[in-house]
Amino acid sequence: MAEVTVNNAKVKNTKLDQGAECYRSFAHAAQHLAGLQAVDYFFAKELSQCLSFAKCKASAEYDSSAAHQWLHLLIALSVSLRDGHSCLPITAVAGKRYFVDSTTDATAPLAANGFEFADVKRLTNLLAQLPLEARQQQPIVLSHGRLYLRRYYQFEQELKQVLQARTLTSAPQRNSEQASTVGLTEISAIIATLFPTLASESDSRECDIDWQAVAVANALNKDFAIIAGGPGTGKTYTVTKLLAALIMLNQLQKCLDNHSVAEQVAPRIALVAPTGKAAQRLSESISNAVQGFRGSIADQVLDLIPEQAQTLHRLLGVIPGQVNFRHHQDNLLAVDILLIDEVSMVDLPMMTRVFRALPASCKVILLGDADQLPSVAVGSVLADLAPRPHPGYSPLNQHYLAQVTGYHQLTIDHSVSHQEHYSAADCVTFLQKSRRFDGEGGIGKLAKHVINGHYHESWQLLQQSSLAKDAQPASGQLSLLSGDIKNWLAPLVAQYYHDLSQCAQVEDAFALLAKFRILSSTRKGPQGVDSLNAMVMELLREQGVIADNRFGQNASSRLYASQPIMITENDYRLGVYNGDIGLLWRNASGHLMAVFENAQGGLQWILPSRLPTFDTVYAMTIHKTQGSEFQHVAMVLPEQKDNSLLSRELLYTGITRAKQQLSIACSQQVWQSGVSQQVKRYSGLTVN
Ligand SMILES: Nc1ncnc2c1ncn2[C@@H]1O[C@H](COP(=O)(O)OP(=O)(O)OP(=O)(O)O)[C@@H](O)[C@H]1O
């Protein structure tokens, strides 16, 4: 029952349509609501007019305060979507004052004092009067206390249903029920072949679990599996063994079905990643892993593992000028096994579209680091599907894993608790041990402290490492940069960027460029990417690399050979995408061209005048570096300590881009504020 009532229905109706009129204009609304953008205002205004209390047959009666609550809920929903949430839980705003200007003195005459939302009970009662149930086909949906834009509700529901179906069909007992299916004995034999030490360590299995073996075993009998882990935990190494295991299983199955060797058809495997750079790295890592396994795994198995990855866009088939892809539910992909790497970067609509284009029989393996920043666009698919702490495996799955690996007690996240029923959590395996950063390596330790929110320990480590580095320059992985930016930047520019122009071949320049990158959390401001790039260019001018006339007004005259660039919008016709990194280089005829490395290891040469928009990229934002790694990273954080972009996930992502050396320029206050904040995206994508 509503708390606010109006006696006269006529009065009620005129008042009820006043939701947007509580503000005369966007400018008026922006005076009251801090952080409001035009899109939020017009989104809420339009939707509150099309879905108003006056238009629906509300059983209760409301005054304009109810309409104001509704208008502000829609504004908050728009802000949520801009921030990458797929929905807005009512509990996130109920009883709270929102859109308050926290940077200005609240008593200042122009300070935005925000809007106070009613409590959960009242908001729930208000929303119950609007036709917001999914079946009512309105643009806004209310489901389980979460407000959605219908489009994202549909994506989430579709993905949830398909994953639920795959989880169910993956339940272990299926194998034992099907007489002709390869059984546990064969799976155990394959695991023992791929992990020979497992068999010889049967007595000590409870102390030192080989999670890579568990990951392979756990994915082997399921239609859908996630292998999650931090940098260098062996995700690609493990998945290459998993692909080998699946090929062996397929061969055994074909033998059981009485196919001759000549008749055996190898499974069609597709390797994909969200960006060209990530696809290129996946190709390299799989190729290295395959080479490493020669001699220990049969060549006729390894030869069937593809070593070329492609982007998700390429897999699905982009249609220029359209959001839809060539492959969808009516034109399925011809794949038996799909491996997607760097899944933390894949947003909700993209992931839904991928599953939509897959045959039900296709096995899906997701790889990624759930601690990294979520996708730029809406959703946090990997973090939703592989939550920490892990709830534990069901008895059914434990039993299966014990049979094929010998591990009787798989303790995940220090908990021996089990899920009672088989669920999506059974499809997830976390790899725990980093092979790249050993226990003593500063980068690995720092990353661990940051993602666990240990501010004191992480700051102490940074300071100590910097001291140790002075004493033993060769061993220190970490350094804390201080003082004027130009002072510490100049030697780094001389070390890594000066020689780009001296490289004889563009391939050498790409290799040099991959060694070092400057990262910042923001674009603007004195520590932002734009200023840092300008500083590097000024230093290169001082070092004689860039001619003075490259700083003129004319845009095309500012381009120079060896200039690293990053594309900032997709161009499907040219095949270059937002985030792709290239170099300007002179071709054999002396013409300045833009060169890009493609996922297949080749080079693509494009006239700069044909390129979509691009930036210079000596420095780049941490967001844009996902899927890339460098030997040395210099991470610069802005001075303002209340920078809302900072979070432990952002710092973790920046830190883990560095393979050998990490230099950080940041004040103690900013570090503390970053390590304390956490990114949590609202979503309803929990699959049971
Ligand atoms: N069990 C293992 N035994 C020996 N070497 C291993 C093992 N697991 C991984 N490695 C090595 O550790 C390194 C990192 O492994 P890999 O590239 O598979 O990790 P990743 O988790 O995919 O890393 P990234 O952070 O790049 O995604 C590789 O050189 C790999 O060969």
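This is a predicted model: local features need pLDDT of at least 70, side-chain atom pairs count only at pLDDT 80 or more; totals for chains, interfaces and linings use all residues.
Strand 4 and strand 5 (residues 146-149) pair in the antiparallel sense, with 4 bridges between them. One of the bridges joins Ser143 to Arg146 of strand 5. In the loop between strand 4 and strand 5 sits His144. This residue is not a glycine, yet His144 has a positive phi of about 50 degrees. His144 counts as exposed because 8 other C-beta atoms lie within 10 Å, and a residue with 12 or fewer is placed in that class.

The two strands belong to an open sheet of 3 strands, arranged in the order 1-5-4 with antiparallel pairing. Strand 1 (88-89) and strand 4 (140-143) form the edges; each has a single partner strand, so one side of each has no neighbour in the sheet. Strands of a sheet are held in pairs through backbone hydrogen bonds, and the pairing may be parallel or antiparallel.

The chain as a whole can be described briefly. It has 688 residues, of which 45% count as buried, and it holds 25 helices and 21 strands. Among the contacts in the chain with a separation of 6 or more, 74% are between residues 24 or more positions apart.

Strand 15 and strand 16 pair over 5 bridges in the antiparallel sense, and Leu584 has Ala594 in strand 16 as its bridge partner. These two strands make a hairpin with 5 residues between them, and in its turn Gly590 has a positive phi of about 90 degrees. Strand 16 is also joined to strand 17 by 4 bridges, again running antiparallel. Here Glu597 stands opposite Leu603 in strand 17.

In helix 22, Val506, Ala509, Phe510 and Leu513 are buried. Viewed down the helix axis, the buried residues of helix 22 fall within an arc of 100 degrees, so they line one face of the helix. Glu507 and Ala511 are exposed on the other side of helix 22.

Ser562 lies in the loop between helix 23 (529-542) and strand 14. Ser562 has a positive phi of about 85 degrees although it is not a glycine. Is Ser562 buried or exposed? Ser562 is buried, because 22 C-beta neighbours lie inside 10 Å, and 20 or more are needed for that class.

Helix 25 (residues 668-676) can be read in the manner of a helix with two sides. Its buried residues are Val670, Trp671, Gly674 and Val675. They span an arc of only 130 degrees around the axis, so they are on the same side of helix 25. The face turned away from that buried side carries the exposed residues Gln669 and Ser676.

The surroundings of the ligand come next. The ligand is surrounded by 13 residues, the closest being Pro231, Gly234, Lys235, Tyr237 and Arg435. Helix 12 and helix 13 (276-293) are the elements that give two or more residues to this shell. The largest share, 3 residues, comes from helix 12. By class, the shell has 2 nonpolar, 8 polar and 3 charged residues.

An unreviewed UniProt entry places the feature "binding site" at Gly229, Gly230, Pro231, Gly232, Thr233, Gly234, Lys235 and Thr236. Pro231 lies in the loop between strand 6 (224-229) and helix 12 (235-256), and Gly234 lies in the loop between strand 6 and helix 12 as well. Pro231 is buried because 23 other C-beta atoms lie within 10 Å. Gly234 is buried because 21 do. Which residues does Pro231 contact, leaving aside its neighbours within four places in sequence? They are Asp369, Ser434, Arg436 and Thr656. Gly234, not counting residues up to four places away in sequence, touches Gln212, Leu431 and Arg435.

Pro389 is in the loop between helix 17 (381-385) and helix 18 (395-405).

Methods. Residues are numbered from 1 along each chain as its sequence is written. UniProt positions are given in the numbering used here, feature names are shortened, and annotations may be inferred rather than shown by experiment. Two residues are in contact if their C-beta atoms, placed from the backbone, lie within 7 Å. The arc is that of the directions from the helix axis to the C-beta atoms. A residue is near a molecule or strand if its C-beta atom, placed from the backbone, lies within 6 Å of it. Ala, Val, Leu, Ile, Met, Phe, Trp, Tyr, Cys and Pro count as nonpolar, Asp, Glu, Lys and Arg as charged, and the others, Gly among them, as polar. Two strands pair if DSSP finds at least two bridges between them.
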